[in-house]
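Please keep the sequence and the 3D view at hand while reading.

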Amino acid sequence: MRRYHHLTEGVLQPEEIDDLQKIFDVVIAQPWFDLTDFSRETFASELIKIYRRGVVDFDRLHHLATLIALAHFSRDMPEEKRRATALLHSGQGELGEDHARDAPKRES
């Protein structure tokens, strides 16, 4: 995230950036994350957007960021992409991990 300082300059406090950095680092370290420059920068931008929209609880932010990354920046995981996309579109991504885990899978 620090690499993408132009996205956060003057907008977020250093401690907020630190929290976002932690989430960013964990998510992009997943073996399924597509590590292209485009994916990293776009994911960083999306993470900042959801934070600025009011999702500030660390655990909820991490969960939602992971769903977004799975839906848009994962490679070779079509079932997980479909499930993450369905959760995001149903609004269940905002409910937290317990509810999202129990959500029924949508068939395409």
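Helices here are DSSP runs of H or I with at least four residues, numbered from the N terminus. The model is a predicted one.

**Salt bridges**

R40 sits in helix α2, which covers residues 37-52. Is R40 buried or exposed? Buried means under 20% relative accessible area; R40 has 17%, so R40 counts as buried. Because R40 and D37 are three residues apart in helix α2, about one helical turn separates them. An α-helix has 3.6 residues a turn, so residues three or four places apart point the same way. D37 is partly exposed, at 45% relative accessibility.

How many salt bridges does a search of the whole structure find? The search finds three, and they are listed below.

| Salt bridge | N to O distance | Accessibility of each residue |
| K22 and D19 | 4.0 Å | K22 48%, D19 32% |
| E46 and K49 | 3.3 Å | E46 23%, K49 38% |

K22 and D19 both belong to helix α1 (residues 14-28) and are three residues apart, about one turn of the helix. E46 and K49 are likewise three residues apart, in helix α2, and about one helical turn separates them. E46 is partly exposed, and K49 is partly exposed too.

**Helix α1**

Does the length of α1 agree or disagree with its number of residues? The expected span is 1.5 Å times one less than the number of residues. For the 15 residues of α1 this gives 21 Å, and the end C-alpha atoms are 21 Å apart, so the two agree. The buried residues of α1 are I17, L20, Q21, I23, F24, V27 and I28. These buried residues pack against α2 and α3.

In soluble globular proteins, nonpolar side chains tend to be buried together. In this model the largest nonpolar core has 27 residues, and F33, F43, L47 and L61 touch the most other members. Helices α1, α2, α3 (58-73) and α4 (78-90) each supply at least two residues of this core. Which helix gives the most to this core? That helix is α3, with nine residues.

Leaving aside residues up to four places away in sequence, F33 touches V27, I28, S39, R40, F43, A69, F73 and R75. The buried residue R40 is thus one of the residues that F33 touches.

**Aromatic pairs**

A search of the whole structure finds five aromatic pairs. One of them joins F24 and F43, which are stacked, with 5.8 Å centre to centre and 20 degrees between the planes. F24 lies in helix α1 and F43 in helix α2, so this pair ties together parts that are 19 residues apart in sequence. F24 is buried, with a relative accessible area of 3%, and F43 is buried at 1%. W32 and F33 form a tilted pair, with 6.3 Å centre to centre and 55 degrees between the planes. Both W32 and F33 are buried. F24, W32, F33, F43 and F73 form one aromatic cluster.

Conventions. Residues are numbered from 1 along each chain as its sequence is written. This is a predicted model: local features need pLDDT of at least 70, side-chain atom pairs count only at pLDDT 80 or more; totals for chains, interfaces and linings use all residues. Side-chain values use heavy atoms; hydrogens and water are left out. Buried means under 20% relative accessible area, exposed over 50%, partly exposed in between (1.4 Å probe, protein chains only). A salt bridge is a side-chain nitrogen of Lys or Arg within 4 Å of a carboxyl oxygen of Asp or Glu. A nonpolar core is a set of buried Ala, Val, Leu, Ile, Met, Phe, Trp, Tyr and Cys residues joined through side-chain atoms within 4.5 Å. Contact means heavy atoms within 4.5 Å. Rings of Phe, Tyr and Trp (its six-membered ring) pair if their centres lie within 6.5 Å; planes under 30 degrees apart count as stacked, over 60 as edge-to-face and the rest as tilted.
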